[in-house]
Amino acid sequence: MAGAVKSYETASGRRWEVRYRKPDGAQTRKRGFKTKRDAETYAAGVVVSKATGDYVDPARGRITIGELSTAWLRKKSGLKPSSYHSIEVAWTVHVEPRWGHIAVKDVTASAVETWIQDMVEGVAPVTRKRETKQTTGGRSASVVLRALGVLAGILDDAQRDRRIHRNPARGLENLPRKTAKKDRRYLSDAEAAAFAKAVADPVRGPLVIFLAYTGLRWGEAVGLRVRDLNTVRRRVHVRQNAVEVDGEIEIGEPKTWERRSVPYPAFLATTLRGLAKGKGPDAYLFAGDLGGVIRRPKTDEDSGSWFRAAQTAAGIERLTIHDLRHTAASLAISAGAHVKAVQRMLGHKSAAMTLDTYADLFEDDLDDVAVRMDERGREAAAVALASLAA
């Protein structure tokens, strides 16, 4: 039985309703159809959805995005502190003001697209407390896409739990695109040495050289403990990272493939032994004030940080801290390191990722391939080519 279709009178005229039973046997109804045919079509759709297991109870779609957000955010709490902080900020600043009070069944693709465009153009969303839109600075593609990812993730849960038929935040067109990253900076050996010397600090100077020759991320390097230093094999063991999140230092564990043993050049051996001397195994190798973690310095021109001041003193073009990691990759590849060795040194998930990231640094390898193939096949190929030309 498709369900009972009955008419009823309203101030606006006759309307139709469908009474039917849900899969659990409970009786319910759907009202407001303007024609009997519309009501019968809906009733037939209910029968099909129940038979195929695709039935969605309209009452379950009344839950709001805000009510579902708590469980979704809890699932993300296992991420790195910095990653979770970015998601939490996206929810608080962009998603919750616009969607927190909206029922999941009332979210439409067109409304999501309008919200995205408002963020791109810097138009503040209309909320319960603010009924007029205000223009602020436009948001970057990264910020917009992260906010969309939060909303889409919450709606994924709603769809999986049969609260909505489909996720209106997925499959959208004309999304903002991330702009190409700025060209990487690769320091030469002389530039790295000049930069470290200009730092003029017995801990931060060696840290700069260490980053430029090992490729560790900032948080991995400043999170190293004395126990992570193996002076016999000249290696450091990356077991944790120290990241500043919202003004606080968070100590976390790297991803599985980021936990690794990284060699360091012999010229760093004496310095690293000196930094570890007299410290307990749990002390930081590169210790900041009062033995704590060295905070990541700002690198913009007007920051006044020691990092930026040293660049200026050394006459080096502006670079970021991450450029020291790029420098390590460049120096290793120019020294003849295999891509798998560079992958392990940098803690990339795969060699493909290393190649994709530093494809420009492997260009010389193509010339080497041509030279070696010439040496190997020159004699035989020359004979064959001569016979073809005769």
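## Gln 311, a residue of helix α10

Gln 311 is buried, with a relative accessible area of 0% (buried means under 20% relative accessible area, exposed over 50% and partly exposed in between, with a 1.4 Å probe and protein chains only). Gln 311 lies in helix α10, where helices (H or I, at least four residues) and strands (E, at least two) are DSSP runs numbered from the N terminus. Not counting residues up to four places away in sequence, Gln 311 touches Phe 195, Ile 316, Glu 317, Arg 318 and Leu 319, contact meaning heavy atoms within 4.5 Å.

This is a predicted model, in which local features need pLDDT of at least 70 and side-chain atom pairs count only at pLDDT 80 or more, while totals for chains, interfaces and linings use all residues. Residues are numbered from 1 along each chain as its sequence is written, and side-chain values use heavy atoms, with hydrogens and water left out.

## Helix α6 against α10

The axes of α6 (residues 189-199) and α10 (residues 306-314) come within 8 Å and cross at roughly 120°; axes are lines fitted to C-alpha atoms, for helices over the stretch in contact, and angles run from 0 to 180 degrees between N-to-C directions. The two helices, α6 and α10, are therefore oblique to each other (under 35 degrees counts as roughly parallel, over 145 as roughly antiparallel, 65 to 115 as roughly perpendicular and the rest as oblique).

From α6, Ala 194, Phe 195, Ala 198 and Val 199 meet Trp 306, Phe 307, Ala 310, Gln 311, Ala 313 and Ala 314 of α10. The residues of this contact of α6 with α10 divide into nine nonpolar, one polar and no charged, where Ala, Val, Leu, Ile, Met, Phe, Trp, Tyr, Cys and Pro count as nonpolar, Asp, Glu, Lys and Arg as charged, and the others, Gly among them, as polar.

## Helix α6 against α7

The axes of α6 and α7 come within 7 Å and cross at roughly 160°, which makes α6 roughly antiparallel to α7. The contact is made by residues including Asp 189, Phe 195 and Val 199 of α6 and Arg 204, Val 208 and Tyr 213 of α7, and its residues divide into nine nonpolar, one polar and two charged.

## The nonpolar core

Of the 55 residues in the largest nonpolar core, Phe 195, Phe 210, Leu 272, Phe 286 and Leu 324 touch the most other members; such a core is a set of buried Ala, Val, Leu, Ile, Met, Phe, Trp, Tyr and Cys residues joined through side-chain atoms within 4.5 Å. The largest share of this core, seven residues, comes from α7.
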